[in-house]
Amino acid sequence: MSSSISYWIKDAALFLFLPLIQGFIRAPELELLSTALYPMAIERILKDDANEEKGERARMASFVGAIAITDLVKTTLGPKGMDKILQSTGRGQEVTVTNDGATILKSLHIDNPAAKVLIDISKVQDDEVGDGTTSVVVLAGELLREAEKLVAAKIHPMTIISGYRMAAECACNALLQRVVDNKDNAVKFKMDLMKIAMTTLSSKILSQDKVYFAQLAVDAVMRLKGSTNLEAIQIIKKPGGSLSDSFLDEGFILDKKIGLGQPKRIENAKILVANTAMDTDKVKIYGARVRVDSMSKVAEIEEAEKEKMREKVQKIIAHGINCFVNRQLIYNFPEELFADAGILAIEHADFDGIERLALVTGGEIASTFDNPESVKLGHCKLIEEIMIGEDKLIHFSGVEIGQACTIVLRGASHHVLDEAERSLHDALCVLSQTVNDTRVVLGAGWPEMVMTKAVDELARQTPGKKSHAIEAFSRALIAIPTIIADNAGLDSADLVAQLRAEHHKKECNAGIDVITGSVGDMAELAISESFKVKQAVLLSATEAAEMILRVDEIITCAPRKREDRM
Amino acid sequence: MALAFDEYGRPFIILKEQDQKTRLRGIEAQKANIAAGKAVARILRTSIGPKGMDKILQSPDGDVTITNDGATILEQMDVDNQIAKLMVELSRSQDYEIGDGTTGVVVMAGALLEQAERLLERGIHPIRIAEGYEMASRIAVEHLEHISQKFDFGTTNIEPLVQTCMTTLSSKIVNRCKRHLAEISVKAVLSVADLERKDVNLDMIKVEGKVGGKLEDTELIYGITVDKDMSHPQMPKQIEDAKIAILTCPFEPPKPKTKHKVEIDTVEKFQTLRLQEQKYFDDMVQKCKDVGATLVICQWGFDDEANHLLMHRNLPAVRWVGGVELELIAIATGGRIVPRFQELTPEKLGRAGVVREKSFGTTKDKMLYIEHCANSRAVTIFIRGGNKMMIEETKRSIHDALCVARNLIRNNSIVYGGGSAEISCSIAVEAAADKYPGVEQYAIRAFADALDSVPMALAENSGLQPIETLSAVKSQQIKENNPHYGIDCNDVGTNDMRQQDVFETLIGKQQQILLATQVVKMILKIDDVISPSDY
């Protein structure tokens, strides 16, 4: 072992820098270090490239990783939060500009296990409620940051966890007492939705036109009538124009062209939505194949094939339709037949398009055409070709079921449009969740302050070491308004202190008014958030922090050798 | 590396490529093995008990698992050392046999090895130590039987079962709502249990998880959930009094296994084939309809045409349902799995009260619930939680709880937890040691010391002074002749485990001691380790 000396030297040097690199770097030297620090007289138990970190060191690695992630997304929080550019490593080095926490975190390649937990909660938050993806990570990170201090002060992680649990429960109850529920008052509830949409959008790229877009989103969601199926809301992105040129269309827009020589405008359309092969209708019996011995036979079979297709088209026409939309391709021959019959035939509408169209027009998706009388056809008042920018689209208006609608987004570039879509998606998600759970709280740091107050109260009443943890929880909660203020370039220390003082009065509605840079009445400023989102943020963040705190050892297995697969 | 010499003093090679192998012999080998075993035990030592910590495990593909389940930690650790692998096996066999106490068994084995090392240093032969351990383990197991208690439970009185499951769950991250989960587990086990034969088939309990919601939303469903949706978006989302046809044949034209060709050379043939094909689809749907099915669950896919026909004939269908799920559905609904359309008869249909589709969150996640089945014996535990790791860990915890409940139904003897059983055994073994003449006496005493290590680890993890606490509890047990005193991990104020309602199953504890002893004996008997060298 002649090389062992050099390893030792490297170890010594690394030891000095260890706290710096602990979080992210998985250098091979690190493992050597861990073996050196935990001497085992015998050979190692784990495989060669595996890595084991214990106790304080493991905890530190998780803290550093989690806090690094938090710091990364922290600056995107709030109405004055900044965006991030993400460049993919794939071909084309695609660029995404966003301030959506979930999108940022999804695209990061992270090796730190604790950081992965945070990314996962953000993803779940996105799937479950759609918004608050940044807040949940920031809160979890702040909880861990506070926990780190407590651990340094020799408080056992388990004590911290039980303190956090008590605090989270107390905070949730405090919030629950202050919720506003306008379930029975339709007008007020719509106002609430409007406020929530504006609050959500104000931190996004759409903030300039937030009133307009909030209206769009609320209208779209109100049409869903309580369903959370956002599939029915279609978002079409067309570059060109400005964001304020975007509009909500009551009907349905299909991003397809009308076949040549077919009517461009149909009134009182009867639509058959289909999923069937309109190219060559293959024989599906297994093993069938054509074998002929002369050219004339080929011609005959071709004729028979054509006849079969013609028959199919005839059957379709027999439904008494004047519009036919197919998921699969329509070849020239049947297309011509349709044109002859004066039927508008649209091919290759993708799967979502078909499902949505079927939903909108109230028809069923058909694949066989033998009994025209029992197939439900879709109806709409008018089908026409419209132009958005330079593209031609097909517009179905006057549809029967009001659930679906289309939002057409216009904007200067693809990046703007993508980001606008994400923002709108967030708003739609929150709104659709709020329709189901109509409880609403104020925004802009108000919920955090309400929770802080209750948690502080609890800390004072709790005997034992837990009270430190509960206090820490309230500090972590305060961090959110602080970050919002910081991001807006305001004097956070001053503002948060003012806010706190305000909140010690009874029934206070104070929050941070980022626009004027002062403490304002959130009820007057009409800044609201959905209770469900806040609750999810609180619970998932606590859960994640708890999970990371409980860890005292990290074992990283040897990475799978890539050569094996090749 | 020693070379062997023949009678003329010529060296010869015994092992193939001897130079390239590392070899440890005699006491060296034993020490190395013991050290490896101890190292594994040391990793798990901090996970034991209600205040035990978790481990993060990063798999070779970078996936993260967070757990404090001993069997899972060891399984995922990907160990390389032979002895360490034995310890992994040990924990796994405890998992298969009992399902709980996977951490405890490894810690116990580690402690036994540690004690053995000291004895080896004194020059006691490993086999004598092994024999001593064997005797001691027998004493301990008998003593456990002696201090165990039977308790009664029935389908109406599930409280004792819930309490025992709660003890298991309290060491996991889910201890926040352990009461809720324990109740779910017990109810699940009781609904599939055969109380006559005292047997529980855990396969009938399906544990499903979906991210989102909170842990408290976890529910027990008397039926089956399938992570699938209806094959056609416009099929009804809810079916009452469903008659279910469970099929393993696809809704597609048949594909004979033998190689064949259907030749088409005339127009007539082409057309007949076409008609046949259409008729085929029609027949399939008609057959299902004829027997009166109102829902079709199929293991395979559907052709678009078949799908539409099904929808058209108002026959909802689910496709691509996995084999295991299919079997569960068959058991739950009392239906038969039908491999061919021809064999479909009304008797083979399964029955369920309600089949409904439920959607979650903002994404298009849908699940199918099959409830109020004819045979309510199959149940599903549906877990919700904040993130993926949480769900996985909850699944493991529930599995442990289910196993505990099952063991109690098989054998309703319990011992008290919190280390009290170990302490009591330790006292008994210590007392018995003096009766044995010979070197084994030392091994038996060492065994008693090793038994102390579990309560010691419990105290350590709970932030108590381990030695002080242990000795206090021990003297209390002897003084009051009461085996119920254990370590007060949760700071409740009393260390009478009976008042704290901390139970463990008798067989679980016995198995722990027996398995640990067995593995330690095996390790002690090894005196030569030959392994190919790395270089």
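View 1. The end C-alpha atoms of residues 292–319 of chain A lie 36 Å apart, and the span is 82% helix and 0% strand; helices (H or I, at least four residues) and strands (E, at least two) are DSSP runs, numbered from the N terminus. UniProt, in an unreviewed entry, places the feature "coiled-coil region" at these residues; UniProt positions are given in the numbering used here, feature names are shortened, and annotations may be inferred rather than shown by experiment. This is a predicted model, in which local features need pLDDT of at least 70 and side-chain atom pairs count only at pLDDT 80 or more, while totals for chains, interfaces and linings use all residues. Residues are numbered from 1 along each chain as its sequence is written, chains are lettered from A in the order in which they are written, and side-chain values use heavy atoms, with hydrogens and water left out.

**View 2. Domains 2 and 3 of chain B.** An automatic or database domain assignment divides chain B into domain 1 (21–150 + 416–532), domain 2 (152–218 + 379–411) and domain 3 (223–375). The C-alpha centres of domain 2 and domain 3 of chain B lie 33 Å apart. Their contact (heavy atoms within 4.5 Å) takes nine residues from domain 2 and eleven residues from domain 3. The area buried between these two domains is about 900 Å², with carbon and sulfur atoms giving 59%; buried area is the accessible area (1.4 Å probe) that two parts lose on being put together, summed over both.

View 3. The side chains of Asp227(B) and Lys210(B) meet in a salt bridge at 3.3 Å, N to O. Strand E9 (205–211) and strand E19 (379–385) of chain B each supply at least two residues of the side of domain 2 that touches domain 3. E19(B) gives the most to that side, with four residues.

**View 4. A salt bridge between two helices of chain A.** The side chains of Asp456(A) and Arg500(A) meet at 3.8 Å, N to O, in a salt bridge. This pair links distant parts of the chain, 44 residues apart: Asp456(A) is in helix H14 (residues 446–461) and Arg500(A) in helix H16 (residues 492–503) of chain A.

**View 5. The surroundings of Val519(A).** Val519(A) is placed in strand E18 (residues 518–521) of chain A. Leaving aside neighbours within four places in sequence, Val519(A) is in contact with residues including Leu495(A), Leu499(A) and Ala510(A).

Conventions. A salt bridge is a side-chain nitrogen of Lys or Arg within 4 Å of a carboxyl oxygen of Asp or Glu.
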